[in-house]
Every structure is written in C-alpha cells, then in structure tokens.
Amino acid sequence: MAIEIRVDGQTVVVDDASATLLDVLRWQVGSTAAKDGCAPQGQCGCCTVLVDGQPRVSCVTPVRRIDGREVVTADGLPDEEKVAWADALLATGGSQCGFCTPGIVCRLAAAEHKGIAADDPKIHNALAAHLCRCTGWQTIVEAYAQKVSGVSVTVSPSSAAAQRASLEGGVDQRVGAAVVFGAGGFSADTIPSGALFAVPDGSNGWVVAETLTEARSASGKVQGRRTTASPEPPLELPDGEWVRTLRTHWVEPAFLETETVWCEPGGVPSSPVANGGAFGAKTDPSLGEAARALADRHTRPVVVVLSREDSVRMGAKRPPVAGGVRADGTGVLRVAQTDGLAELIHRVAPSLEVEEVEVVGPPTSASIRGAGWTEALALVASVSEPNGDGADEVVLPDGGRARVRVADEQVHVVVDAGSPLDETTLRSYVIGAVHMGLGLVRSERLTVDADGTVHDLTIRSFGVLRSSDMPHVEVEIEPSDGAPVPVGDAVFAATVLSAWRSAGWPPVWGTD
Ligand code: FES
Ligand code: FES
C-alpha cells in the first residue's frame, strides 16, 4: 500500500515501504538539504529534519512509520525563519563547509520552539545528536543565542569572508546563506541525472546498480560497529634515555561528507572536496579513476560512494607515531611509513631523528592537518618552558602565528594571520582548529587490530569532541594590514602543545 507524506508543503507518495525517509528525500523528492554523513548509523545528525515539528534523524526513520505526517527540511522552513537562522549563523561564523548545518538548523529551530532559552546549557544536549567537524560548536551556540534573543543582524558576507575561508580551508570556499542551507556544492548533491551508483564490494571491486540502496544491499556488507576493545598505540618507543615520550594512534580525519565522486563517460571526475578542504584528506585520486573507468564501461555517468564504514576502512588516516626526547631537545620520532612525512618533520623539528617503520593498518597521509610535524613540534617544545604568560606559540613557515593557552574551562588564543580579511570568518576557523587540536590530544583515536583491521567503524567512535566537551575559546586577532596568510594549522599545533602541557604530558594521546 502506498505511503503518503507531506514534504516541505508538497504531497509525496512513496511506493517502497522499506525506504528510509532520507532515501525518499534525497532520491525521490530530490531535496538535498538533508545530508548523508553516516547512514544508516544515525549518529551524525546531518540528515535531521522535522517530522510534525519534532527533530528526527531521517536515515533511520522508516518512511512507513511516518505515513500521513508532515516533514519539513531546513529548506522548507518559513522564509523569515530561514533568513533569521542564516543571519545568526553568518553573524557568528557558525557554518563553514555547511554539510552539517541544515540538520543543525532543524535541531535549533525545534529547540527554540521548545522554549530553550538563549543561555540555557540544554542547547548542548540538543546538539549532542549532531557532529560538526569544522566549527568547534561555540559559534553555533552563539548563533542560537542570537536568534532566540531576537537580535537582528543582517549579514551580507563579503568576498573577503570567502577569501579567508578559502585560505583556511585550502580550497575555494563559499560563505553565504545558501551554504547555511547546505548548498556548498557537495558532490553527492550534484550527481548528473541517469547516473549509476557504485559501492565497494569488499574485494577491491565495485557493485554497480541503478540506485544507491540497491548497490548497498547487493554489496551484502554487514553494518560496522564501535568496538569495546581499548586501542593500543601501534608503535613501540625507540630505545633511549628520554625525559619525555609520546605515542599516538591512527586518527580518522572525520570529515562529514564521505568520499563521493561522479564522472560522465570520457569526462573529468567531480571533486570529493566541496566547501571545505577535508582537513587534508580525500586526496587519493583512485576513487575518481574508478568512477571514470566505470562510467566508460557502462557508457553512463557513475557515482562512486563510500559509506561511513567504507570511508573508515579505506580512507587515509593521521599516521601513528612513537618518540622520545632528551632535555636538550634531541631525540627520535618513529613514524608509520608515510610518503613525505619525514620532510615535514625535519622542517619543523630538525633536532629529531625520524625513523620510518612499516606498520600494518589503514592507509596514512602526510597531507592530513599537521600530520607528524605537530607531534614532533610538541615533543621538542615539551622540554622547554612556555612563554611568560604560559601560552605556547607556533609560527608557520608561511607567516601565520598563533599563541594558545589551554587552562581549565578556557582557551585563550592570539593569532596573527596578516590581514584578517573578515574577523568573523577568521574567528570561526580559529575556534574550529582549537576543537580539533583538543580532540587530538584528548579523545581522537581508532582501534586497529594487530592484523591491521580497523574496529571503530561508526562516526561516534572517532572521538570528535561534542559541544558539551568544549571549553570557552577566547580569540584575539592581532591587527595587521600585511598579506593575509592561513593560521588554522598554527592554532591547531599550538593547541595540541598547550593541551598536552596542561594535561601534565601523558605519554599516550587519547588521554580521556
Ligand atoms: S546520516 Fe543520518 S545521522 Fe548521519
Ligand atoms: S560546518 Fe559543520 S561539518 Fe563543516
């Protein structure tokens, strides 16, 4: 029997009772506001919509359960509400790539409807159903407070905002109301009509089908889980008399849009990196090559899509390290063999000898944010005193400079990024980098077996800090009319060092 729902004011008849609401929204209605960050895990919140006014995670909502009900996506909110949410998020910088934002807007709209006040900490509970990899949460909470308190700030983002975002993201980025509602140009939202879908078959090949649902079901893979095993850092410390040691795990870059690439026959593959740089991940060209080869073979456009589990198994990670340092700052850093990593480390920590070792596990990449060199810098700096004010400073070769002090429930950051271009955007990226730096020291790690099998396959198991885990971040931007330079990596590295220092130098990261 057909199911009938209303979506953003339109009646939609669904024949497939086994479909999820997200399937219906994206593949039948053609609405791209709700995103797929982890379906069918139901853990990232990117697919959140309102069902009869209540926030629902649409990737785990069978459409048969909502027969006759009213669904509103972020795009379907009343126009004046959309303007108010966009203004608030643009005024605070609460949306960067925008992949998580439409789902968060639905959550915030429901929270406002429930009467959660601007300064009520319950807003963190509401946000607990979501993940945002970019912003560090604070600017989202500030946007909520601004919207709920009725402060009206109309914001027209300038090209300077996009320029700052592009500098920090490492790829061209857009800033504006459309991005808030998910129109950041994501590969999964721009698939040509008539495309076939290809998913990994688990044996280095591809299952190709007319729909994503068919391809996934034909691949026959079992849904991954979070492991209960506690992860062991994979590398042993090098021999030596060390005054400080550090061991780390593989760490998932945890971008929110999984790898998705489409290609027309004879064409150029789409970029899997849309309105964000994926923090140096997604640089592997093999998915694009596969999309092109499959498109040529089938003489139709083909979209290659990794599920969250596929992405964890196949995508490049931050490489694990193990090292020791003497009181004079010399020492040895052992790293998982990764092209280009030793050069990066030598550039910032020439006093460390780098030992590359083969280690069985997921692929690694030197282009992941701060990979290897951040750990090296922290190890060497750990045997020196901080500046007089207790802050740790990192200066990047291209000129970005950050001083960070992590203390109790407060993080203080001073940045010199040359001309800020747009202070709101710069502040947002600074807070995002603090969030990622704290996460690396405190909570982010993957459990990998001795045979190299990754066990943490759900997006919640990567250790990304939640809104309620974040201390308040105070950002000072030094005035400058010098050439604008990116500063996020300097903030990230200085945060890592200060967080490690403030925790008392525990010898293994993932300290919580
Ligand atoms: S896609 Fe539904 S919660 Fe992640
Ligand atoms: S803005 Fe939240 S994931 Fe990018």
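This is a predicted model: local features need pLDDT of at least 70, side-chain atom pairs count only at pLDDT 80 or more; totals for chains, interfaces and linings use all residues.
Figure 1. Thr-299 is located in the loop that runs between helix H9 (286-298) and S10. The phi angle of Thr-299 is positive, at about 50°, although Thr-299 is not a glycine. Most residues other than glycine have a negative phi.

**Figure 2. Asp-52 in the loop between strands S3 and S4.** The loop between S3 and strand S4 (54-57) contains Asp-52. Asp-52 is not a glycine, yet has a positive phi of about 50°. With a relative accessibility of 45%, Asp-52 counts as partly exposed.

**Figure 3. The cis peptide bond between Ala-39 and Pro-40.** Ala-39 and Pro-40 are joined by a cis peptide bond, for which omega is about 5°. Most peptide bonds are trans. Pro-40 is placed in the loop between helix H1 (21-29) and strand S3 (48-51).

**Figure 4. Strand S6 and its two partner strands.** S6 runs parallel to strand S10 (residues 302-305), to which 3 bridges join it. In this pairing, Phe-197 stands opposite Val-303 of S10. With strand S7 (residues 206-209), S6 pairs in the antiparallel sense over 4 bridges, and here Val-199 stands opposite Val-207. The hairpin of S6 and S7 has 5 residues between the strands, and Gly-202 takes a positive phi near 85° in this hairpin.

Figure 5. Of the residues of strand S11 (residues 321-325), 5 of the 5 are buried, so S11 is largely enclosed by the rest of the structure. Val-321, Gly-323 and Val-325 point one way from the strand, and Ala-322 and Gly-324 point the other way. S8 and S11 run antiparallel and are joined by 4 bridges; Leu-246 has Gly-323 of S11 as its bridge partner. S11 also pairs in the antiparallel sense with strand S12 (residues 331-336), over 5 bridges, and Val-321 stands opposite Val-335 in S12. S11 and S12 form a hairpin with 5 residues between them, in the turn of which Gly-329 has a positive phi of about 90°.

Figure 6. Thr-248 is placed in the loop between strand S8 (244-247) and strand S9 (260-263). Thr-248 counts as buried because its relative accessibility is 4%, under the cut-off of 20%.

**Figure 7. Helix H6 and the helices against which it packs.** Helix H6 (residues 159-169) has buried residues at Ala-160, Ala-161, Ala-162, Arg-164, Ala-165, Ser-166 and Glu-168. The buried residues of H6 pack against helix H13 (423-442) and helix H14 (488-502). Residues three or four places apart in an α-helix point the same way, because the helix has 3.6 residues a turn. Gly-170 follows H6 and has a positive phi, near 80°.

**Figure 8. Ala-109 in helix H3.** Helix H3 (residues 101-114) contains Ala-109, which is buried, with a relative accessible area of 12%. Ala-109 and Val-14 are 95 residues apart along the chain, and their C-alpha atoms are separated by 27 Å.

**Figure 9. The whole chain, as context for the close-up views.** The chain contains 14 helices and 17 strands, and 56% of its 512 residues count as buried. A compact globule of 512 residues would have a radius of gyration near 24 Å, and the value of 23 Å for the chain agrees with this. Among contacts between residues at least 6 apart in sequence, 72% join residues at least 24 apart. The side chains include 42 positive and 66 negative ones, and the centres of the two sets lie 4 Å apart.

Technical notes. Residues are numbered from 1 along each chain as its sequence is written. Chains are lettered from A and ligands numbered from 1 in the order in which they are written. Side-chain values use heavy atoms; hydrogens and water are left out. Buried means under 20% relative accessible area, exposed over 50%, partly exposed in between (1.4 Å probe, protein chains only). Contact means heavy atoms within 4.5 Å. The radius of gyration is taken over C-alpha atoms; the globule rule is 2.2 Å times the number of residues to the power 0.38. Lys and Arg count as positive and Asp and Glu as negative; His and the chain ends are not counted. The place of a charge is taken as NZ of Lys, CZ of Arg, CG of Asp or CD of Glu. Two strands pair if DSSP finds at least two bridges between them.
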